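Have a look at the sequence and the structure first, then read on.

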Amino acid sequence: MSLLVIGSVAFDAIDTPFGSTGKIVGGAASYISLATTLLHKHVGLVAVVGEDFDFDFVSLLKARGTDTTGLQIKAGEKSFFWHGKYHMDMNSRDTLVTELNVLGDFDPIVPEAWQQPDYVMLGNLSPQVQLTTLDRLTRKPKLVVMDTMNFWMDIALDDLKAVLKRVDVLTINDEEARQLSGEYSLVKAARVIRAMGPQTLIIKKGEHGALLFGSEGQTFFCPALPLEDVFDPTGAGDTFAGGFIGYLASTGRTDFEAMKTGIVYGSALASYCVEQFGTTKLASITSEDVDARLAQFRLLMTEKA
Ligand code: AMP
């Protein structure tokens, strides 16, 4: 099954109570690609960077199984840059800087070989670019999953609502679900958001796990693995989404039972992501590591010895 990923490929700077990074590689599609290719190899990336980007990282994505033909490199321009600062509890963060740079006028050109993907992961990007990408596909995918953030709700809500009508699954965090729906209760928020288009909704609650609301009113919950140290939560949401859709693409399924397993995979991968700054940890693990963490999750979630 082919899986098309779009999203930011970026430079980040991150401040946490444990330290700060200089400019390091980040971006939603970077995390998604690294996570997804641990589970499934037929992955294509559509994204844009400036000539200042770290091209060793692009080589790493290729080596891990991502086809980067759709990655545009803009001569004379700078990559997207995001600077975030976490508070002591690490569940909340402030965005200090967002410099769109190459993302400001990104035209997502989908290579011909990727115009009929089975699965599509619309990672965090302007909703207009997410829509244009869908318009450029020449066949309806089996499943479209979308991630977004409050930034786009603040500045492009109408476009965001237009994309929502065309996606099957939306993943957002609890704060964003409340902002988008105007409801405090997450159950009510899920009802309101599902009426906007996506049949299925995943609400991520950071260290408190993730909720899956299915198309027939089903609900499933997956905890986050209790970790001794959470070093840097950046990219955990993207990694989660990459694990979720990577698992589904590897099985060819889109039913609720498969999605339940998908969020366990997403949670297992996210638990690795937060253990080191940026993409460092994800870049160093193997599929055996993923299996080991899944086993830990299964122990966490079962009452039988
Ligand atoms: P997450 O922690 O999963 O929400 O994702 C963090 C990643 O999102 C960082 O690596 C950023 O580069 C990226 N990011 C932050 N703001 C934006 C934005 N407005 N559009 C696209 N990507 C963004």
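## A threonine to start with

Is threonine 36 buried or exposed? Threonine 36 is buried, with a relative accessible area of 0%. Buried here means under 20% relative accessible area, exposed means over 50%, and partly exposed is in between (1.4 Å probe, protein chains only). Threonine 36 sits in helix α1 (residues 28-36); helices (H or I, at least four residues) and strands (E, at least two) are DSSP runs, numbered from the N terminus. Leaving aside residues up to four places away in sequence, threonine 36 touches Leu3, Val43, Gly242, Ile245 and Gly246, where contact means heavy atoms within 4.5 Å.

A word on the ground rules: this is a predicted model, so local features need pLDDT of at least 70 and side-chain atom pairs count only at pLDDT 80 or more, while totals for chains, interfaces and linings use all residues. Residues are numbered from 1 along each chain as its sequence is written, and side-chain values use heavy atoms, with hydrogens and water left out.

Strand β9 runs parallel to β1 (residues 3-6), joined by four bridges; two strands pair if DSSP finds at least two bridges between them. Leucine 4 has valine 120 as its bridge partner in β9. Four bridges also join β9 to β10 (residues 143-147), again parallel, and methionine 121 stands opposite valine 145 in β10. To get from β9 to β10, the chain passes through helix α3 (residues 127-135) in a right-handed β-α-β crossover (clockwise from the first strand over the helix to the second, with the strands pointing away from the viewer).

## Salt bridges

The structure holds eight salt bridges, each a side-chain nitrogen of Lys or Arg within 4 Å of a carboxyl oxygen of Asp or Glu. One of them pairs aspartate 107 with arginine 136, with closest N and O atoms 2.7 Å apart. Aspartate 107 is in the loop between β8 (93-99) and β9, and arginine 136 is in the loop between α3 and β10, 29 residues apart. Aspartate 107 is partly exposed at 35% relative accessibility, and arginine 136 is partly exposed at 31%.

Lysine 260 and glutamate 257 also meet in a salt bridge (3.3 Å, N to O). They are three residues apart in helix α9 (residues 256-273), so about one helical turn separates them.
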